[in-house]
Amino acid sequence: LRVRNFRYAEEWMVMMMGGWVATIPEIPVKTGLGKVIWETAQAADELGKRLPELRCGRKSLEASEAPNTAFADFIQEVSNPETPDLTIEKLSGVFDVLIPHLVEIYEMHNRETDAICDAPTIEILEHMVRRKRQHIQWGQEVLDALCDDDETQQRRRDRANQLSGLLKESGGVTGVLETGQASLN
């Protein structure tokens, strides 16, 4: 189920960022985002290939799954900014909130899962974490360049705070990380 949840987040990131490319006026952002989209699509594909190996049933091959409606609503809120003047809000949701959350959860999963039985998932997630750390670094650099005054820095903070609250309320990508719970199990 966790792998299906992870796949859900990765698939939605691909769809939302792919949709944004046409609405982002800054050429360096468009070109850099292309690589992030491609690598995120590869991650979703790898998770999809892992599901049959986990004997998750036929449904797992057909669709990923949000852990709950609150997380699905969070993803929809991350994807909401569509106009060209909201590049900061678009990128902040992904690079300040969503991807750092996924890195944290993927690393937690790897620490808590059975290292023998779940070794293939661990390997997939380790590779994804390395790439996602590069994505975060790129996103932070771009956001720092875009947020060059007090007003744009405040927009970034406001967006990150708003989405962080929704993410926390949802329980995150696994749906079980309520306040005070520090484990996936």
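**Note on a surface patch and the aromatic pairs**

1. Asp148 is found in the loop between helix H6 (119–146) and helix H7 (150–170). Helices are DSSP runs of H or I, at least four residues, numbered from the N terminus. This is a predicted model: local features need pLDDT of at least 70, side-chain atom pairs count only at pLDDT 80 or more, and totals for chains, interfaces and linings use all residues. Residues are numbered from 1 along each chain as its sequence is written, and side-chain values use heavy atoms, with hydrogens and water left out.

2. Asp148 is exposed, at 60% relative accessible area. Exposed means over 50%, buried under 20%, partly exposed in between (1.4 Å probe, protein chains only).

3. Asp148, Asp149, Asp150 and Glu151 form a negative surface patch. Patch residues have over 30% relative accessible area and no salt bridge, and like charges are joined within 9 Å. A salt bridge is a side-chain nitrogen of Lys or Arg within 4 Å of a carboxyl oxygen of Asp or Glu.

4. There are 5 aromatic pairs. Rings of Phe, Tyr and Trp (its six-membered ring) pair if their centres lie within 6.5 Å; planes under 30 degrees apart count as stacked, over 60 as edge-to-face and the rest as tilted. Phe6 and Tyr106 are edge-to-face, 4.8 Å centre to centre with 65° between the planes. Phe6 lies in helix H1 (residues 2–20) and Tyr106 in helix H5 (residues 87–112), so the pair ties together parts 100 residues apart in sequence. Phe6 is buried, at 0%. Tyr106 is buried at 0% too.

5. Tyr8 and Trp12 form a tilted pair, with centres 6.2 Å apart and planes at 50°. Both lie in helix H1, 4 residues apart, about one turn of the helix. Tyr8 is buried, at 9%, whereas Trp12 is partly exposed, at 25%. Ring pairs link Tyr8, Trp12, Phe71 and Phe74 into a cluster.

Note on methods
Patches are made of residues with over 30% relative accessible area and no salt bridge: like charges are joined within 9 Å, nonpolar side chains (Val, Leu, Ile, Met, Phe, Trp, Tyr) within 5 Å. Accessible areas come from the Shrake-Rupley method with a 1.4 Å probe; for residues, only the protein chains shown count as cover. Lys and Arg count as positive and Asp and Glu as negative; His and the chain ends are not counted. The place of a charge is taken as NZ of Lys, CZ of Arg, CG of Asp or CD of Glu. Helices (H or I, at least four residues) and strands (E, at least two) are DSSP runs, numbered from the N terminus.
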